Amino acid sequence: MNFLALTPGSHNVSNGPRRKRPYRPRLRSSIPVLAALAGMTLVGGAAFTAGWMLQIFQPDRPSAPYPALITAVAEIQRTYNMGTGPVSGTAYSPDGRWLAATTSDGGVVVQQAAGQQGDKRYTPQRTGGATGLAFNPEATTLAVGTSSGDVLLWSVPHGRQLAALGAPAGRASAITGAAFSPNGRVLAAANLRGMVQLWDVSDPRHPTPLATPARLDSVTDVAFDHHSATLAVGSIDGTVQLWDVSDPRHPEVLTTLESDQPVTSVGYSPDGAILAAGGSDGTTQFWNVHNLPDSDPSKNMPGRLASILPAANPQASAAPRSAQVPRGVGSITGLVFTSNRRIAASTAGGYVQVWDLNNSRRPKLLLPPARPQAFTSLSYDTASSTLAIGAANGTVQVWAADTDDEGTRPARR
């Protein structure tokens, strides 16, 4: 296989000739950092939100047919008030003990996941708004991204700042996603300028920079495969690159997966077999990354339409793509696997899509019982089988993740 090396400190790295695209997202030049959330693309696969900093303009597209969606009213178990600003990130700790959230006005809350409203509130200093957060595998360290481009490492649950990871001089930009490696030793942090900083955080009090590879377009989310040293890097250019970071000082591009819309969230299934990418048009694309053929990184691999991939096909190179969803649902703002074949995705329209890859023709749309708020981020706790959903009104709602289909009705077209 031909690999493309990403050298430490490199800023613009391509993977072969740029492909011709039907349209290219544009950045609105006058958007303030804390812009209104309505209509914006929000990123939450790694518990981070970039939507209040990035506007993606959508072209007029013909309405495509979609499956007969079933809808269900969500079971909301608890609602927490996290602050006055929109919630920009939510995260359950891997052990399910803690629930953390960040707000766009700079607040961070860490509390017991099953407890009452917590009082562990912190405010980062001189770093702007908090854009999201991620727990390390041991749930002892929290990485908090900021709009200034810094990543703060805090102890859990005490909230003591252990270190501040800054961007290279002159290249700071709001953090859009972060993820710890499966062993917790490497932290990947992405920003709007397309950079992905890799840090050795084996000693969180003394982190060491490893490499600073970059993409040509803004990076919106990153996710580690927990069964290999592979990092998925999503971008507004409509692609997801898979990087080999077994040597984090010299990451390499393995292949490029091609979507047809700006990617807003990425995530791996628990077994690492499926990679999902949420899009700005409210759809989600899936690839079977355990069976990707040997490929030249200069070539893009498009996903495939639903129904052409049998779930048990061991030779498949792509898994089903979700169908078009009704207008008003909004872009994908957070994406989590609740099992190896079941995925949930929050949307800017205030709904949660649920997909079962074994029956991709029957997607589900979970509706809040009251008027919906724009959802900004999403996290899942395996032990309690609950979804923590950040909202634009400053709250985190805890929903039951496995709502049955009784009493559901067909969605309106």
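Begin by selecting Ser218, which lies in the loop between strand S15 (208–211) and strand S16 (219–224); helices (H or I, at least four residues) and strands (E, at least two) are DSSP runs, numbered from the N terminus. The model is predicted, so local features need pLDDT of at least 70 and side-chain atom pairs count only at pLDDT 80 or more, whereas totals for chains, interfaces and linings use all residues. Residues are numbered from 1 along each chain as its sequence is written, and side-chain values use heavy atoms, with hydrogens and water left out.

Is Ser218 buried or exposed? Ser218 is buried, with a relative accessible area of 7%; buried means under 20% relative accessible area, exposed over 50%, and partly exposed in between (1.4 Å probe, protein chains only). Now display its surroundings: apart from neighbours within four places in sequence, Ser218 is in contact (heavy atoms within 4.5 Å) with Leu192, Gly194, Gly234, Ser235 and Ile236.

Next, select the open sheet of four strands, ordered S12-S13-S14-S15 with antiparallel pairing. Strand S12 (175–180) and S15 stand at the edges with a single partner strand each, so one side of each has no neighbour in the sheet. From one strand to the next the twist averages 30 degrees, where axes are lines fitted to C-alpha atoms, for helices over the stretch in contact, and angles run from 0 to 180 degrees between N-to-C directions.

Within this sheet, highlight S13 (residues 186–191) and S14 (residues 196–200), which pair in the antiparallel sense over five bridges; two strands pair if DSSP finds at least two bridges between them. Ala188 has Leu198 in S14 as its bridge partner.

Keep Leu198 selected. Leu198 is among the residues that touch the most other members of the largest nonpolar core, which has 16 residues. Such a core is a set of buried Ala, Val, Leu, Ile, Met, Phe, Trp, Tyr and Cys residues joined through side-chain atoms within 4.5 Å. S13, S14, S15, S16 and strand S17 (230–235) each supply at least two residues of this core.

Then move to a second, separate core of 15 residues, which includes Ala72, Val336, Phe375 and Trp399. Both Phe375 and Trp399 are buried.

Phe375 is in strand S30 (residues 375–381) and Trp399 in strand S32 (residues 395–400), 24 residues apart.
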